[in-house]
Amino acid sequence: MLDLKRFDGKCVRITDTMGNVFEGVCSHNGEEYNEHEFGRAEEALQLPFFLFFDSDIASVESLEDHTGPWGKFSGPWGTLEEMSAEDGIDGICEILFCEEAEHVLRMLRCLDHFFDPASGRAFPARWETVGALTELLDATEDEAIRRETERLIEKWGRA
């Protein structure tokens, strides 16, 4: 059993029992909360809308002291953002409208890659996503998010 509570509010790298690696700023959910909200009485860490129950976590590493070109993160985006993009507009919006600016910026970088024809990925929710970006532009006060969102809307056109 891991001491998950110590990671609350921290940037972490979670490896699940299937070997998938996720990075992000997490929140700790206690067992009572999870039982009430999700029907499972087990502690968990949550990265935007991804829930990692204690028994599904192989390891957790704090990235708080990590520095590099992507800040605390190992790359411009990761598994969390890719899986959210592949999930479609609902997953994309969960990240675009979350409270952590780092997650929003990572999602914007991931979307830029997904929309690039050279990526080899089909992206059926493109115009819905451009509409969500327009909403994000109206909703955010973060300058870095505004600049990247404006760049993407300019690049792809308005919905």
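Predicted model: local features only at pLDDT ≥ 70, side-chain atom pairs only at ≥ 80, totals over all residues.
The account begins with strands E1 and E2. Strand E1 spans residues 11–16. E1 and E2 form a hairpin, with four residues between the strands. Gly19 lies in the turn and has a positive phi of about 90°.

Strand E4, residues 44–47, has pairing partners in E3 and E5. E3 covers residues 27–29 and runs antiparallel to E4, with three bridges between them. Here His28 stands opposite Leu45. E5 covers residues 50–53. Its pairing with E4 is also antiparallel and counts four bridges. Gln46 has Leu51 of E5 as its bridge partner. E4 and E5 form a hairpin with two residues between them.

In E4, both faces are covered. Ala44 and Gln46 are buried on one side. Leu45 and Leu47 are buried on the other.

The aromatic rings come next. Four aromatic pairs are found in the model. One of them joins Phe22 and Phe50, with ring centres 5.7 Å apart. The planes of these rings meet at 50°, so the pair is tilted. Phe22 belongs to strand E2 and Phe50 to strand E5, so the pair ties together parts that lie 28 residues apart in sequence. Both partners are buried. Phe22 has a relative accessibility of 3% and therefore counts as buried. Phe50 stands at 14%, which also falls under the 20% limit for a buried residue. Ring pairs link Phe22 and Phe50 with Phe49 and Phe52 into a cluster. A further ring, that of Phe53, has a charge over it. The charged end of Arg40 sits there, 4.0 Å from the ring centre.

The helical part is described through H3, which spans residues 89–96. Its buried residues are Ile89, Gly91, Ile92, Ile95 and Leu96. These residues lie on the same side of H3, because they cover an arc of only 165° around the axis. Several helices contribute to the cover over these buried residues. Among them are H2 (79–87), H4 (101–115) and H5 (126–139).

Ile89 illustrates this setting. This residue lies in H3. Its relative accessibility is 18%, so Ile89 counts as buried. Beyond residues up to four places away in sequence, Ile89 touches Ala125, Glu128, Thr129 and Ala132. Ile89 and Cys26 are 63 residues apart in sequence. Their C-alpha atoms are 22 Å apart in space.

Terms used
Residues numbered from 1 in each chain as written. Heavy atoms only, no water. Buried < 20%, exposed > 50% of the residue type's maximum accessible area, 1.4 Å probe, protein only. Contact = heavy atoms within 4.5 Å. Pairing = 2+ DSSP bridges. Arc of directions from axis to C-beta. Phe/Tyr/Trp six-rings, centres within 6.5 Å; stacked < 30°, edge-to-face > 60°. Lys NZ or Arg CZ within 6 Å of the ring centre and 35° of its normal.
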